[in-house]
Amino acid sequence: VGQKLSERMGQAFVVDNRPGAGGVLATEQVAKATADGHTLLMGTIGGLTVSQHLLAKMPYDTLRDLAPITQAVSNTNIMVLHPSIPTKSVKEFIALAKNRPDALTYASSGNGTITHLSGELFKLMAGVKMTHVPYKGGAPALTALISGEVGLSFENALIVLPHIRAGKMRPIAVTGARRTQALSEVPTMDEAGLAGYRATGWYGLLAPVKTPTDVIARLHTEASQVLKSKDVVDKFATMGSEAVGNTPTEFAEFIRSEADKWGKVVRAAGMKPD
């Protein structure tokens, strides 16, 4: 997206990765930056909606300190099982989990991540018990699933696709509203019998809240056009992601709804930060 914006607007867009605290460090930097349109945030579900429910004190308020421009992408995950779990559908898995309470374990890339949230939402909606096993990142969580150290996980489609094809894990449902192009044969949770389940990671473009409205409007116009271009749409689709490009108002409302939804899950599950 940065490369395309640079081409369209005739100036450099420098991507400055600032990892840490589930996206909070990067988000704080932009929230406190000069509001001149030259410092933007590609924010995440963690830094924008989840962390406020996990941390005792936040250094910013998402919609008070940041101006939404557009949601960039939505990332669908896949519910995948180790081959040792003898179920081939969501309904079969739920039945197994109810017969074996607390016997099943699921991996995540850390407390409060979308892989953790996906599992907790599944537990709440399906009425089952599973033991969460957090790892320090996605790579060790994936290794644990492949080895059989844990029984299942909710992972990005692009990451698990080679392992699914190699028979090292079995996909039974996608976590978004639509099937993913990368694994079109795998049903959604709705189709698999767990109606209303949605758990997607996402990224979105924001600026400091006092950025001039005409600058926000220009950035929205350019970014939304980038996200509608066929090559960008196709590129994201191969990664198991869907380009969005909605309006600032729609993105703001989406952020509010996600914060409310995941706040309820965090409280119900008694989640704590690492």
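Predicted model: local features only at pLDDT ≥ 70, side-chain atom pairs only at ≥ 80, totals over all residues.
**Exercise 1. The lining of the second largest pocket**

H12 gives the most to the lining of the second largest pocket, with 4 residues.

*Solution.* 

Step 1. Start with the space itself: the second largest pocket holds about 450 Å³.

Step 2. Look at the residues. The lining has 23 of them, and those nearest the centre of the pocket are Ser 74, Thr 76, Arg 178, Thr 200 and Glu 242.

**Exercise 2. The aromatic partners of Phe 122**

Classify the aromatic pairs that Phe 122 forms with Phe 154 and with Tyr 197, and state which parts of the chain they link.

*Solution.* 

Step 1. The model has 6 aromatic pairs. In the pair of Phe 122 and Phe 154, the ring centres are 6.0 Å apart and the planes make an angle of 50°, and this pair is tilted.

Step 2. Phe 122 belongs to helix H6 (residues 114-126) and Phe 154 to strand E5 (residues 152-156); they are 32 residues apart, and the pair links distant parts of the chain. Both Phe 122 and Phe 154 are buried.

Step 3. Turn to Tyr 197. Its ring centre is 6.3 Å from that of Phe 122 and the planes stand at 70°, so this pair is edge-to-face; the cut-off for that class is over 60 degrees.

Step 4. Tyr 197 sits in the loop between helix H9 (189-192) and strand E7 (200-208) while Phe 122 is in helix H6, so the pair ties together parts 75 residues apart in sequence. Tyr 197 is buried, as is Phe 122.

Step 5. Phe 122, Phe 154 and Tyr 197 belong to one aromatic cluster, together with Phe 93 and Tyr 106.

**Exercise 3. The setting of Thr 180**

Decide whether Thr 180 is buried or exposed, and find which residues it contacts beyond its neighbours within four places in sequence.

*Solution.* 

Step 1. Locate the residue: Thr 180 is in the loop between strand E6 (170-174) and H9.

Step 2. Apply the cut-off for buried residues, which is under 20% relative accessible area. Thr 180 has 6% relative accessibility, so Thr 180 counts as buried.

Step 3. With those sequence neighbours left aside, Thr 180 is in contact with Ile 78, Ala 157, Val 174 and Gly 240.

Notes. Residues numbered from 1 in each chain as written. Heavy atoms only, no water. 1 Å grid on protein atoms, 1.4 Å probe; cavity = no way out; pocket = protein on both sides within 12 Å on 5 of 7 lines; lining within 4 Å. Points joined across faces, edges and corners; volume = space filled by probe spheres on them. Helix = DSSP H or I, 4+ residues; strand = E, 2+ residues; numbered from the N terminus. Phe/Tyr/Trp six-rings, centres within 6.5 Å; stacked < 30°, edge-to-face > 60°. Buried < 20%, exposed > 50% of the residue type's maximum accessible area, 1.4 Å probe, protein only. Contact = heavy atoms within 4.5 Å.
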